[in-house]
Amino acid sequence: MEDNAQQHRRFTRRDVFTASASAAAVLGAAGLPILATATPALADTESERNRGRGLRAEPLIPSRNRGIILYSVRDRITAAPDNTGVPYGFERVLARLAEVGYKEIEFAGYTQHTSILGRQITPKEIRKILDDNGLVANGTHTQINPATFDKEMDIAQELGMRNIGTGGDPANTAYKSDWDAAADTWNELGRRAKARGLRLYTHNHDAAYGFMLDTGPSDANGKPTRSSGQRRLEYFFDKTDPRYVFFEMDIYWAYVARYKHKTYTDRWGRQQTDLFDPILTVAPRTTRFPLFHAKDGNRNTAVPDGHDMVVFGEGDLNFQQFFQTIGEQDFHHANWEHDGAPGGPNAPGQSLDFATRSYANMAELTIYRR
């Protein structure tokens, strides 16, 4: 017989979608993550109906704020015309995503296979495809470089974006001096972006929430070798101007950081433990996070990251708790992502299938209000 821990790992949030209200209460008491369904079963008896009077169900993530980063379906955006029956290129893929229900698009490049048009598509042509399908560009992962920033903002505005950003790390080191320099650059670029009606943002992987090396003995290059316990991106929060610099939390990578980056060596050489909490990182500064990557995972301590990436709603991460606790539902935009969604030549429709299943699960997240 399986032990309780094994049973809990295999019981995913998708299983809870069909649970009754009483079953959900039992599961919650057992410490399992709970998601409410879009059709609440508030009561079976008259007294229970009276207690539930005045409640109303609303989507936890408003439909207009449900998006996808095109990196998840990059195989079909960049595919040459084929006979698989699976959409390819911007026109066909964006039309399919709109049919699924997505309202927003985060870009990860602006190119498709040149054989589709006999040349490369233009941002103006991509904008028409967005408009024709009722889609809105909510951001982009591009290069943030002072020398090319004006050109990138031109493209962002052509596509109608409100946010312009990068999937990279602003400093990509563990040293405070590098983060100080990055903050100066980003504050200036953020000012330029705001002047054009844009918000500049950066996206995290797990290392961005690792510990900074900022104290203790120096190495042979004069660099510090120990940590005060300050996390890199949290330091960047305070060094950048909240009027000009914003963030996109990748929720999956944030929970990987919680798993991987627990200990540091303090200035006296002692091992210290500090548990990273993604919710408590966002909640005090929630309006600095206009965008999120809604990326799910199953806990697996046998792999280095501690999690396996899965379709949204089929993993262990408690998005109900996350989005409900940080608040500001109308302000936040959730972009679905799965880094490994493309299935290759043997499964050319996999990424769009993952996108469809993930959207359905995202739409089922519900909040109850009076």
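This is a predicted model: local features need pLDDT of at least 70, side-chain atom pairs count only at pLDDT 80 or more; totals for chains, interfaces and linings use all residues.

User: Which residues make the contact between H9 and H10?

Analyst: On H9 there are Lys176, Trp179, Asp180, Ala182, Ala183, Trp186 and Asn187, and on H10 there are Arg232, Leu233, Tyr235, Phe236 and Lys239. As for handedness, H9 passes H10 in a right-handed crossing.

User: Which residues of H10 are buried?

Analyst: H10 covers residues 232–239, and Arg232, Leu233, Tyr235, Phe236 and Phe237 are buried there.

User: And what covers those buried residues of H10?

Analyst: The cover includes helix H9 (176–195), helix H12 (278–282), and the strands E6 (199–203) and E9 (245–250).

User: Let's zoom out. How many helices and strands does the chain have?

Analyst: There are 14 helices and 16 strands in the protein chain. Of its 370 residues, 47% are buried. The chain exposes about 17000 Å², with carbon and sulfur atoms supplying 47% of that.

User: What share of the contacts comes from residues 24 or more positions apart?

Analyst: They account for 71%, counting contacts in the protein chain with a separation of 6 or more.

User: OK, the core. Which residues touch the most other members of the largest nonpolar core?

Analyst: Leu97, Phe107, Phe322 and Phe323 do, in a core of 79 residues. Helix H11 (residues 251–260) gives the most to this core, with seven residues.

User: What does Phe107 touch?

Analyst: Leaving out residues up to four places away in sequence, Phe107 touches Ile69, Leu70, Phe90, Ile126, Leu130, Ala137, Gly139, Thr140, His141, Leu159 and Met161.

User: Phe90, Ile126 and Leu130 are in that list. Where do they turn up in the helix packing?

Analyst: In the H6 and H7 pair. Helix H6 (residues 89–100) packs against helix H7 (residues 123–132) at an angle of about 20°, with the axes 10 Å apart. That angle is under 35 degrees, so H6 is roughly parallel to H7. The contact is made by Phe90, Glu91 and Leu94 of H6 with Ile126, Ile129 and Leu130 of H7. H6 passes H7 in a right-handed crossing.

User: And Leu97, which helix does it meet?

Analyst: That one is on the H14 side: Val93, Arg96, Leu97 and Val100 in H6 meet Leu352, Ala355, Thr356 and Tyr359 in H14. The axes of H6 and helix H14 (residues 350–363) come within 10 Å and cross at roughly 25°, so these two helices are roughly parallel to each other as well.

User: Left-handed or right-handed crossing for H6 and H14?

Analyst: The crossing of H6 and H14 is right-handed.

User: New topic: Ile367. Buried or exposed?

Analyst: Ile367 is buried, since its relative accessible area is 7% and the cut-off for buried is under 20%. Ile367 is found in strand E16, residues 366–369.

User: What is Ile367 in contact with?

Analyst: Setting aside its neighbours within four places in sequence, Ile367 is in contact with Arg56, Ala57, Glu58, Pro59, Leu60, Gln324 and Gln329.

User: How many residues apart in sequence are Ile367 and Leu60?

Analyst: They are 307 residues apart in sequence, and 5.0 Å apart in space, C-alpha to C-alpha.

Conventions:
Residues are numbered from 1 along each chain as its sequence is written. Side-chain values use heavy atoms; hydrogens and water are left out. Helices (H or I, at least four residues) and strands (E, at least two) are DSSP runs, numbered from the N terminus. Buried means under 20% relative accessible area, exposed over 50%, partly exposed in between (1.4 Å probe, protein chains only). Contact means heavy atoms within 4.5 Å. Accessible areas come from the Shrake-Rupley method with a 1.4 Å probe; for residues, only the protein chains shown count as cover. A nonpolar core is a set of buried Ala, Val, Leu, Ile, Met, Phe, Trp, Tyr and Cys residues joined through side-chain atoms within 4.5 Å. A crossing is left-handed if the near helix is turned anticlockwise from the far one by less than a right angle, and right-handed if clockwise. Axes are lines fitted to C-alpha atoms, for helices over the stretch in contact, and angles run from 0 to 180 degrees between N-to-C directions. Angles under 35 degrees count as roughly parallel, over 145 as roughly antiparallel, 65 to 115 as roughly perpendicular and the rest as oblique.
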